[in-house]
Every structure is written in C-alpha cells, then in structure tokens.
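I begin with the charged pairs and then turn to the core.

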Amino acid sequence: MYNLLKKVILCSVVLLLMVIPNISLAKSSVNVEKISHNLMTSEQGDTYLHIEINTNREVKNFSIQENPNNKYQLIFNIEDAQISNIARQEKLDGNIAKKVFLQEKKDTVQGKIYLQEEVNNNYKIYSLGKKGIAIDIFNSVVNTPVASDVALSNVKNKIITIDPGHGGSDSGAIGPNGYTEKEGAFAISQKVASILNQSGAKVVMTRDSDVDVYGPNASARNELQARVDVGNNANSDIFVSIHCNAFVNPAANGTQTFYYGSSYQGQRLAQNIQEKMIEANGLRDRGISTCNFYVVKHSYMPAVLIETAFITNYDEEALLSDDEWQTTMAKAIAEGINEYFSN
C-alpha cells in the first residue's frame, strides 16, 4: 500500500512538472488577435497604408525588413507570440499592398506583406502599446499638395473620412464625352484631402486609387459596407462621400448635398458644405435633401453625400474634368467642413 501511494504521488508530481511550463508559456505569450488596415493621408498629403496587428498585450520584441529573396515583400516578426483563432491571410488595399499572410515559426509570429511595387524603404513599424503594433507603408507616388488660401483652423486634429464615389470595376455614371464619375469624384477627393491635411486634420480615404474598396465586382452592399467600415473603424468625426450626379435628360444641372433624415449634425454639415460650393461654383443650387443612401445611413458619425455637378450635362462634364474647377470645388468643400466644426 505504501509503495502504491508513493507511485501515485510520484506520477502526480511528474504530471504537474509537465503541465506547469505550458501554463507559464500560455501566460507569457503574445496572442495575435486581429489584423486591420486603412488608407491614410499624411500632413504632407502623401497616401500611405496603415496596418494594425492587434494583440492581447504589449509586444516587446518586433522587427521588419525587406525579404532578401523577394523585392516585392516585407517580412515582420513578433517574438514570443502565437496566432489566435483568426484568418491567417488578410486582403489589403490592392494599390500599395495586396495582402498580408501570417504564420507561426517556433515562438515567433511572422507576417509577409505582398506589395504592388518594389520595396523602397518608405515604411516603418512601431508599438501601439497594449493594442499591439502598427506598420505604415507609403505610396511611392508623390501627391502634389493643393494650396489653400483660407485658414481652416477648426479642422485641426479632426478625423475626417473622404469617400471618392465608385472606382475600380464600377465607373459610376459616364458623361457624353466619356469622362467617368469615378475619375471626377477621385480627383476632387484627393484635393480635399490635401487641403484638410495641410490644415492639421487627419484624413482617412476609403480608396487612394482606381480600385474597388471591398473587391472587384462585389455586391453593392458589400462594397458600400466596406466604405462605411473605413470611417467607422477610424472613429471619424465626419464622413464625406463625393460623387457626380447623372440623369437621362442632359439638361439636368446643379449641385446638391444629401444627409440622413434623422441626423441634425448631418444636416448642419450638408448645409455648410452646400453653401460654400454654391458660392464658389456658381451652378444651380439644388439645395440639401434627406436620403437613405447606404453610406450616409450606416455611418456612425455625421455623414453627407455630395453630388458636385451633373456628369451627363455637356457643360458640367467639362467642368468636372477641369483641374482648376476641381480645385475650386475641393477648397469649397474643405471650407464647408471647417465651418461645420466652428460650432
């Protein structure tokens, strides 16, 4: 009996010694729990891809470098880490980078970022404290800032999502001379973003090139929700979607701004922007109207959708494709946003 008891105790001790290291490891390991990304614009007007790797605790040891065997890849490592129950591959913006792929190598989580262009050293990795780490990858294309001759002091430190309508597989409306809505909306949006950034705002773009936000040929709901997600995930103060209007009658003309019916702040934002645009462009004032447009209705923050002009109108199509007019409209929209934040 005594010998049997000794064996039981000995076996129990052995089992404890086997289990304790595993318990200790689980407590000390960093768990990678989520990957998210946004297109951002710097204060200098440069577009960059912001990737966040969220973890359950602060990451102490991490690094990033170019893949010596593939000049289109960046490799980052998180030491003493493991991957939680999440997808190991995340689709990215499609312009700066295609995707990120995660794998475990012993006690390290390694990620590969597949770029659209060769690595140009214009990237950085940094800690987010207890939230994990972030990686910023800058576009190699240099954006020329649009100078604003009006002080926009009220937008400083505000997070503003700019949504250029359509893009990628969706051209939007097409003018009589072939100019597309996605081109006009994007050109004006870029200029708005540049002006706001120069004034100290933090601008988030739903797209920074001619791409679908969700993916090519997605359902309308998936594409629109992907745009809403950009603004919501960034905790934006406002969401501004920029479009060109269209109608079967080419005589239709003018500028109009929409907001969600139950949103008083959305109404204020729409009114401020509409007034500035009409002052600047001299087009027919179609006023502000309520709507149930998906991106306006489902954004958590005050949101508006701007119809800058009618691309199906011969004269207004010409304006929409004109760089100087685009700049005029961009300044007016930025000034309207600034006016909104004055109260």
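Are R227 and D163 buried or exposed? I looked them up in the model, which is a predicted one, and found that R227 is buried and that D163 is buried as well. The two form a salt bridge whose closest N and O atoms are 2.6 Å apart. I noted that R227 sits in helix α3 and D163 in strand β11, 64 residues apart, so that the pair links distant parts of the chain. Salt bridges with shared partners also join D163, E223 and R227 into one network.

Next I looked up K182, which forms a salt bridge with D210, the closest N and O atoms being 3.1 Å apart. Because K182 lies in helix α2 and D210 in the loop between β12 and α3, this pair ties together parts that are 28 residues apart in sequence. I wrote down that K182 is buried, at 15% relative accessible area, whereas D210 is partly exposed, at 46%.

I then turned to the largest nonpolar core, which has 39 residues, and noted that I160, I162, I188, L196, I333 and I337 touch the most other members. Among the elements that give two or more residues to this core are β11, α2 and α7, and α7 gives the most, with 8 residues.

For L196 I left aside the neighbours within four places in sequence, and found contacts with V155, I160, I162, A201, V203, A334 and I337. My last entry is a second, separate core of 27 residues, which includes F76, L92, I96 and I135.

Methods. Residues are numbered from 1 along each chain as its sequence is written. This is a predicted model: local features need pLDDT of at least 70, side-chain atom pairs count only at pLDDT 80 or more; totals for chains, interfaces and linings use all residues. Side-chain values use heavy atoms; hydrogens and water are left out. A nonpolar core is a set of buried Ala, Val, Leu, Ile, Met, Phe, Trp, Tyr and Cys residues joined through side-chain atoms within 4.5 Å. Buried means under 20% relative accessible area, exposed over 50%, partly exposed in between (1.4 Å probe, protein chains only). Helices (H or I, at least four residues) and strands (E, at least two) are DSSP runs, numbered from the N terminus. Contact means heavy atoms within 4.5 Å. A salt bridge is a side-chain nitrogen of Lys or Arg within 4 Å of a carboxyl oxygen of Asp or Glu.
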